[in-house]
Amino acid sequence: MRYIAIDLGATSGRVILASVGAETVEMTEVGRFPNEIFETDGISYWNLPALWMSILDALKKVGDMGVSVASIGIDTWGVDYACVGADGKIIGTPVSYRDRNTSGEPQRYFQRALSANRVYDITGIQVMDFNTLFQLSTHRRMDLAALKQAKQLLFLPDALSFMMTGEAVTEYTIASTSQLLDVRTRDFSDEILQSVDLTRDRFPKMVYPGHRVGVLTKELSQFTGLGQVPVIAVAGHDTASAVAAVPATSNRPFAYLSSGTWSLMGVELKEPIVNEKARRYNFTNEGGIDSTIRFLKNICGMWILEQCRKEWTAQGIPCTHPQLMAEAEKEPHWRSLIFPDAPEFANPRSMIRAIVDYCAHTNQCVPHTPGQITRCIYDSLALRYLQVMEMLRDLVPESPECLHVIGGGSQNTALNQLTASVLEMPVIAGPVECTAIGNIMLQARAAGEVHSLRQMRALIARAFPTQTFQPQAIPGLQKAYKNFLTLK
């Protein structure tokens, strides 16, 4: 059977046609397109119409191939939502989680509504300015017209499946990123919703990965040439789909690092961890497949480097990843460090300037060349990974024995080796397209081609190569880590 995975990340989207065999997963990219934020009237939005047209163009390419497709699955980044009006149409344009208007909103919300302790006890979700809860609080405060007029709210993968089928659902894994759910009941919390003037009926019924949402509308069936293909709710949150595709084949406890725009480090658990220490460490309990909990922490990831690369490219400076890795390897470790999750790096006008200014303000050597800046980013990310891993070891019942790095960042051999050395544990890198693979495999499971998470992961391990990095000694690590812990 053939499946279509629509995989939308915070910087780009892709549409992949795939087939699943006993030993292989064949994937063909039929569309790749940018996903860009635009700003107007002081608000940052996603260009949903442009994404929609790019998706339809890719689906039409598949239709023109004349192949039979078993189903379509959609995953996206988390937290953002779209509004549906009384006429059953999407109204307005979804606000981006990168919008600066949510800055400081958690503190305003905690003063106005519920305490931080109460919110964490209900949701088990880490506090981040852009969580849906704080977006809604911000948008209420701003009197955002689309939210005022909305009959229903849909998270982005659900909005896209609604546009494809006319059927509205709330997929659990994407909803679990919102800080609107009760982590124990795994449905919306009335107390949380009331705090932002919403009720449960503003969201469609909750469904879980593998649910058949509906089929392509008659218009889309004809336009794409695909016919009335079913749309399956996969793990709508891209990280949930990616974690489903971790090629772990043993019973040993492992940690994962989904490395892309964000670095998400965590473990899979059967039950959430909601206690004072987890709240203090700001860990999150998000939904996974098969009733698992993705206990993890968000870390600002390759976003920092990618923003620098955009600036260097605009200046005509060569900056492919291999070039930057080679230049970084020429520079000494620990010369300058940043705290990747500092607010200065969330969405600055110039990432390079933000790094330079941060190092200057913290009385460090200031990096200037692409090699120096890349070295600074690599070192800082690896030390942040160590900090989060130490928190994980302090929280979970079984300490991880290895780290699986998945996603685009798994190709960064320099950072993978550095991470293995800093964490003093093996790092297993790959597959690269883990999110799309998880999306595809969950569709295949819904179709009966695979039957369990273990079988899925075993097939992925056979079908996709990985690379293992063993720890190596790095002089000055302990001193550098102590220095890093002083940064904010």
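Residues are numbered from 1 along each chain as its sequence is written, and side-chain values use heavy atoms, with hydrogens and water left out. Because the model is predicted, local features need pLDDT of at least 70 and side-chain atom pairs count only at pLDDT 80 or more, while totals for chains, interfaces and linings use all residues.

**Exercise 1.** Find how many salt bridges the whole structure holds, and describe the one between E105 and R141.

*Solution.* 
Step 1. A salt bridge is a side-chain nitrogen of Lys or Arg within 4 Å of a carboxyl oxygen of Asp or Glu. The search of the whole structure gives 25 of them.
Step 2. In the salt bridge of E105 with R141, the N to O distance is 2.6 Å.
Step 3. E105 belongs to helix α2 (residues 105–112) and R141 to helix α4 (residues 132–141), so the pair ties together parts 36 residues apart in sequence. Helices (H or I, at least four residues) and strands (E, at least two) are DSSP runs, numbered from the N terminus.
Step 4. Buried means under 20% relative accessible area, exposed over 50%, and partly exposed in between (1.4 Å probe, protein chains only). E105, at 2%, is buried, whereas R141, at 45%, is partly exposed.

**Exercise 2.** Locate the partners of the salt bridge between R457 and E268, and state whether each is buried or partly exposed.

*Solution.* 
Step 1. The closest N and O atoms of R457 and E268 are 3.0 Å apart.
Step 2. R457 sits in helix α18 (residues 453–463) and E268 in strand β17 (residues 262–269); the pair links distant parts of the chain, 189 residues apart.
Step 3. R457 has 6% relative accessibility and is buried; E268 has 23% and is partly exposed.

**Exercise 3.** Describe the surroundings of Q179.

*Solution.* 
Step 1. Q179 lies in the loop between α7 (172–175) and β11 (181–182), and at 1% relative accessibility Q179 is buried.
Step 2. A polar atom of the Q179 side chain lies 2.9 Å from the backbone oxygen of I125.

Conventions
Polar contact = N/O pair within 3.5 Å; in protein donor to acceptor, adjacent residues only side chain to side chain. Contact = heavy atoms within 4.5 Å. Lists of a residue's contacts leave out its neighbours within four places in sequence.
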